[in-house]
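Please take a moment to look at the sequence and the structure before we go through them together.

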Amino acid sequence: MTELAWIDAAITSARPQAVGALLRYFRDLDTAEEAFQDACLRALKTWPVNGPPRDPAAWLIMVGRNAGIDGTRRRAKQTTLPDEAALSDIEDAETPLAERLDGADNRDDVLRLLFICCHPDLPPTQQIALALRIVSGLSVKQIARAFLVGESAMEQRITRAKARVAGAGVPFETPGPVERAERVAAVAAMIYLLFNEGYSAGGQQDDRARLADEAIRLARLLLRLFQTEPEIMGLTALLLLQHSRASARFDAAGEIVLMDDQDRALWDRRLIAEGLALVDKAMRHRRPGPYQIQAAIAALHARAARAEDTDWAGIAALYGALERQTPSPVITLNRAVAVSKTDGPQAALDLIAPLEARLAGYFHFHGVRGALLKQLGQDAAARTAFNQAIALANTPAEAAHIRMHLDQLQAGGVG
Amino acid sequence: MLYAILCYNAEDVVMSWSQEEDDAVMAQLNVTHERLTAEGKLGPSLRLMPTTAATTLVKSQDLVIDGPYAETKEQLLGFYILDISGLEEGLEIARELGKANPGGAYELRPLRLFLPGASIG
């Protein structure tokens, strides 16, 4: 690995801790980011000459803090009214940095940085964009490409999100246990959204697929901060297990390959092993939550060497447990798919019949219903359901998949 | 003589490598791995999963802790490689070993990569 690549990796991994500490110090996101940028520029100059520091994050915080103070002083001189209060505030804060770096402070710094991206006023896409910019350090250009929008539009979106967050007031006090748990939950939800952005994109588009990697990186970061939280183990496991199938989920033409038909040799065994290890760890706590249950479902799929070895009864039971924790018609729909494997398509249709009103606008409802009707040989009804699904498809790949079902019905020559 | 080489590095930096960077490092290492294996000098080598996947058994209190063994007053004195069903079986085995050898702790860390190498010793 080249020296530059090593420095890049060191800066990327130090970023959440360093920007988090600088944010606590300067209490302003833009100042913290600028200070971090300054520190990175200096790192690129001095690390190749003096060798990398023992603790890159501490180095970047120290240098960034000094750069930020210089910047504040410069600006204070340029403006006609120097902000004395802000300056003395900074002087007061100059306690030895080393002792503030470890333990709880570091944890709350990173959590705060993640948490301010999850402001409830921000729509999910803005939360994700902000996290990618601030926590992951992706460039606006990279984020714009990932979201398939123009660079200036993304720049605006991020600027607006930052303004809203700044206006809302960043919570700087050390959180109590309840508040900390709420922050962790909000951050976990944001990481899950980020993963789904990448996951739904599929195999071909590199910029979007990168979002899934980034989500896994943030989940591991959150888990390192909260090592004993079974739900964060579950979240990380869930992302690893879902992502392990990335290469198998789409065929060469970019069309969806359902799990039953996937080439399991393409599943990433390394990600599966780590996911299963985390599920094991989480189960020991006997405090199941939605992420853990979803991870356990993904684990049952991952453990099956062939599709026909899948423990569908176990999966149906886990969906049942998930329904009890977070009742939702979409979960019932998923349980119905598992039930169709153990009790047949009619049992599954009976299960989803009451969902029709609530899921009438949901692509997967009509897709599943069509597939069940097709299995029962009710081709005309199946065709109607598939046509409803096509009208609601979110991506060309989804539409193409339904069209394949319709073609098979036609090939059967019935109706 | 039999020797072990223990590998230390900043985990979050290594975990930030892209797949291509990771592959490039492994490809370079493999040149040496293969030569040493052919010479009959290299036995098993392995890469551990990140510390987030670790669980620690503190032997004296029979206390199971999430995460790696973090105390610095004890030193790494040895390790086992096991092929087992999962964490529960691993903890059972660790408890049994702990009865014969009390004190200190066992950290259970799943492997990310295992290369059997040559038959040595």
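What percentage of the 121 residues of chain B count as buried? The figure is 30%, where buried means under 20% relative accessible area, exposed over 50% and partly exposed in between, with a 1.4 Å probe and protein chains only.

A word on the basis of these values. This is a predicted model, in which local features need pLDDT of at least 70 and side-chain atom pairs count only at pLDDT 80 or more, while totals for chains, interfaces and linings use all residues. Residues are numbered from 1 along each chain as its sequence is written, chains are lettered from A and ligands numbered from 1 in the order in which they are written, and side-chain values use heavy atoms, with hydrogens and water left out.

Let us stay with chain B. Its secondary structure consists of 3 helices and 5 strands; helices (H or I, at least four residues) and strands (E, at least two) are DSSP runs, numbered from the N terminus. In sequence order, the pattern is α-α-β-β-β-α-β-β. The C-alpha atoms of chain B occupy a box of roughly 45 × 35 × 30 Å along the principal axes. Among contacts in chain B with a separation of 6 or more, 73% join residues 24 or more positions apart, a contact being heavy atoms within 4.5 Å.

I now turn to chain A and its helix H9, residues 151–168. The buried residues of H9(A) are A:Met154, A:Ile158, A:Ala161, A:Lys162 and A:Val165. They lie on the same side of H9(A), because they cover an arc of only 100 degrees around the axis, judged by the directions from the helix axis to the C-beta atoms. The face turned away from that side carries the exposed residues A:Ser152 and A:Gly167. Just after H9(A), A:Gly169 has a positive phi of about 85 degrees.

Finally, A:Asp407 lies in helix H21 of chain A, and at 47% relative accessibility A:Asp407 counts as partly exposed.
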